[in-house]
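Good morning, and thank you for making time on the agenda. I would like to take you through one structure, sheet by sheet and core by core.

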Amino acid sequence: MREIDAGRITEVVRRLCIEANCHLPQDMKNQIEACRAREGWAPAKEILDRIVDNYRAADSGNVPICQDTGMACVFLKVGQEVHVAGDIAGAVNEGVRQGYGEGYLRKSVVRDPLDRVNTGDNTPAMIYYELVPGDRLEITVAPKGFGSENMSQIKMLKPSDGLQGVKDFVVKVVEEAGPNPCPPIVVGVGIGGTFDKAAYLAKRALMRSVDSRNAVPFYAQLEEELLERINALGIGPQGFGGRTTALAVNIEQCPTHIAGLPVAVNINCHVTRHMTEVL
């Protein structure tokens, strides 16, 4: 049994909150620049150029890429041979509190969805636990802005809706979102499970690199087909038209009930931020 002090979790989360908000992952940069090279519509090219300028300025100045520094979503893969000395959730939230304070990041969390009083330190984080084999603890911090989160949807399709129903729903969600989630977007899709599991899968799908494909060939092909259909909508960067509405469609799937076909779509803007460290 390997022991990890909760203070180490706090330190990693603190640092990742700042780094994830200021530095876009390289796979995202590569995809944006590749789409810029293929884009044929002048206004779309201009917007993509400004997006590139923006993340380069954030890199050089170590400042946030976007003013919405997000709700801190923290994914923990906890090895079965790990013992954390201390309170895991408390350690994560302390890391968020320190990171958002020291990094001068906008605090966007309210203590209750109806009374709307700001907590003042961007806590609590949304924490997702996964128990895995081994003696390591993997921490992923993904600040999630709500311009894109608000455009996400879930639908309990009937099995008879089939593959076509899934395709049509995903495309409909993106079409209804239009320019609101600050395209070009990354589309996370969760298929299967239960109502809540499908939503979790869709969010977890956003943690995957945009230059990777689903390990199952059927779903890898579906990702490519949906990306093509979404880009054919012509919404384009920031809604000004063009062929770059989405940078990627990432699908995660799992078994479900004979009577169900849950599908969730979690949209992220072109600032799809996440950083990972393993203890």
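By buried I shall mean a relative accessible area under 20%. Please keep in mind throughout that this is a predicted model.

With that cut-off, consider strand β3, residues 82–85. Strand β3 runs parallel to β1, residues 2–5, and four bridges join the two. Within this pair, aspartate 5 stands opposite alanine 85.

I turn now to the other sheet I wish to discuss. In what order do its four strands lie? The order is β6-β9-β7-β8, in an open sheet with mixed pairing. At the edges stand β6, residues 153–157, and β8; each has a single partner strand, so one side of each is left without a neighbour in the sheet. From one strand to the next, the twist averages 15°. Five bridges hold β6 and β9 in an antiparallel pairing, and there lysine 155 has valine 263 of β9 as its bridge partner. Helix α8 lies across β7 and β8, and runs at about 140° to β8.

Next, the packing. The largest nonpolar core comprises 25 residues, and Val187 and Val263 have the most contacts inside it. Which elements give two or more residues to this core? They are α6 (162–177), β7 (185–193), α8 (217–231), β8 (246–256) and β9 (261–268). Of these, α6 gives the most, with seven residues. There is also a second, separate core of 23 residues, which includes Ile4, Ile9, Tyr100 and Leu137.

Leaving aside neighbours within four places in sequence, valine 263 is in contact with residues including Ile154, Leu157, Val166, Phe169, Val170, Val189 and Ile191. Lysine 155, the bridge partner already mentioned, is also among its contacts.

Finally, cysteine 35, which is located in helix α2, residues 26–38. Is this residue buried or exposed? Its relative accessible area is 7%, so cysteine 35 is buried. Not counting residues up to four places away in sequence, cysteine 35 touches Leu48, Thr244 and Leu247. Isoleucine 185 is 150 residues from cysteine 35 in sequence, yet their C-alpha atoms are 12 Å apart in space.

Conventions:
Residues are numbered from 1 along each chain as its sequence is written. This is a predicted model: local features need pLDDT of at least 70, side-chain atom pairs count only at pLDDT 80 or more; totals for chains, interfaces and linings use all residues. Side-chain values use heavy atoms; hydrogens and water are left out. Buried means under 20% relative accessible area, exposed over 50%, partly exposed in between (1.4 Å probe, protein chains only). Two strands pair if DSSP finds at least two bridges between them. A nonpolar core is a set of buried Ala, Val, Leu, Ile, Met, Phe, Trp, Tyr and Cys residues joined through side-chain atoms within 4.5 Å. Contact means heavy atoms within 4.5 Å. Axes are lines fitted to C-alpha atoms, for helices over the stretch in contact, and angles run from 0 to 180 degrees between N-to-C directions.
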